[in-house]
Amino acid sequence: LINVSLPDSSKTAVLRDKLKVEIENQIPREIGEEEVLVKVMAVGICGSDIHFYEHGRIGRKAVTYPFVLGHESAGVVVKVGKNVTSFKKGDRVAVEPGVSCMKCEYCKKGRYNICPNVQFLSAPPTNGSFTQYIVHPEHFLHSIPDDVSFEEAALVEPLSVGIQACKNAGVMPGDDILVTGLGPIGLMTIIAAKEFGAKKIIVSDIEPLRLVLAKKLGATHFINPKEEQLTSKVLGITNGNGVDISFDTSGQPFVMNEVIQVIKRGGKVVPIGFPVTETVPLDITQMIMKEISLLTVYRFANTYPLGIKMMASKKYDCSLLITDHFSLDEAELALEKARTNKQTSIKIMVYPNELPANR
Ligand SMILES: [Zn+2]
Ligand SMILES: [Zn+2]
């Protein structure tokens, strides 16, 4: 049983400079009337955390030190504000990291992922969840069933990006899709597409381990572009027709232009995550000739209920993605491993309170 008594302090992994993490005890701030104090049980390390840790910025978004990383988290409710009605002490929750204003025109339209006033955990200047306790608004917490682990609940965050991609692309039952790049987001896109009813799920990555994981998660056809040619292989698999939708998580401009050649007439190309170069030259002429649409994905909105349902269904073994486990004291070690071991580390979990027994 998890101890849910009120803490005096919250041990926190603080980024002091590029590549430099220090552990310190902080005092959690007082909770507001609509806020909840959550004991953080698991936090996944995301590509953006690694980027901020290594470079101190992503594009124009720069870290001001000290800063706290981490946004893929789940935990237990320790205390609720006066007006909180959905949760009580001891409830297990997934933490949706983007706290939107719910007042602007985008929030009103339900597109709260593009709210200009959003405060997103671990996106500067908002501190993240590499800490034992966080204060979070009731409306961005989601109950999780007893048989969904804290790790799985934390993974609902990257899964949400996959769900948002499938939602934006309008994946329909029977669609054939291609996923290029099989980091956590690519792998999560596979299961989201499966949930939306995709038929052929063709995947491509140069790391054999990632192709094996993709197979376990439900992908149907596999391409290692180091050994075979992506375009001819995809056309072979689809009887020369190509795919309905292509999702790219590699961020490589040449990959995006390659996939355009194997998208059906009227199909869609969906970059997920930021490209590795600032601008990407695209073969618009070919896109026009086939009326291919380009659809983008920025974070997610209204995806947590489905994500949690998918985890609870046990149809997809997402625990396969978790390759490493670290305590909060080892946060720097964990980030360092995430930065340097992209071959065999897929998702690294950090446990701010207690390490699981099976580590
Ligand atoms: Zn993330
Ligand atoms: Zn808003």
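**Close-up 1. Lining of the largest cavity in the predicted model.** Glu96, Gly98, Ser100, Tyr112, Asn113, Val118, Phe120, Arg299 and Phe300 line the largest cavity. Its volume is about 60 Å³, and the structure holds one cavity of 30 Å³ or more. On a 1 Å grid over the protein atoms alone, a cavity is a set of points where a 1.4 Å probe fits but cannot get out; lining residues have an atom within 4 Å of a point. Points are joined across faces, edges and corners, and a volume is the space filled by probe spheres set on them. Four nonpolar, three polar and two charged residues make up the lining of the largest cavity. Ala, Val, Leu, Ile, Met, Phe, Trp, Tyr, Cys and Pro count as nonpolar, Asp, Glu, Lys and Arg as charged, and the others, Gly among them, as polar. This is a predicted model in which local features need pLDDT of at least 70 and side-chain atom pairs count only at pLDDT 80 or more, while totals for chains, interfaces and linings use all residues; side-chain values use heavy atoms, with hydrogens and water left out. Residues are numbered from 1 along each chain as its sequence is written, and chains are lettered from A and ligands numbered from 1 in the order in which they are written.

**Close-up 2. The second largest pocket.** A pocket is an open set of grid points with protein on both sides within 12 Å along at least five of seven lines. The volume of the second largest pocket is about 530 Å³. Of its 21 lining residues, Arg29, Leu121, Asn127, Ile134 and Val135 lie nearest the centre. Strand 1 (10–17) and strand 10 (133–137) each supply at least two lining residues, and strand 10 gives the most, with five. Helices (H or I, at least four residues) and strands (E, at least two) are DSSP runs, numbered from the N terminus. By class, the lining of this pocket has nine nonpolar, nine polar and three charged residues.

Close-up 3. Tyr298 sits in the loop between strand 17 (293–294) and helix 9 (304–313). Its relative accessible area of 34% makes Tyr298 partly exposed, where buried means under 20%, exposed over 50% and partly exposed in between.

**Close-up 4. Two cis peptide bonds.** The bond joining Tyr65 and Pro66 is cis, with omega about -5°. Pro66 is in the loop between strand 5 (61–62) and strand 6 (72–80). From Pro124 to Pro125 the peptide bond is also cis, with omega near 5°. Pro125 belongs to the loop between strand 9 (119–120) and strand 10.

**Close-up 5. Positive phi at Met102 and Glu291.** Met102, a residue other than glycine, has phi near 65°. The loop between strand 8 (98–99) and helix 2 (105–108) holds Met102, which is partly exposed at 42% relative accessible area. For Glu291, phi is near 45°. Glu291 lies between helix 8 (284–289) and strand 17, in a loop, and is exposed at 63%.

Key
Buried < 20%, exposed > 50% of the residue type's maximum accessible area, 1.4 Å probe, protein only.
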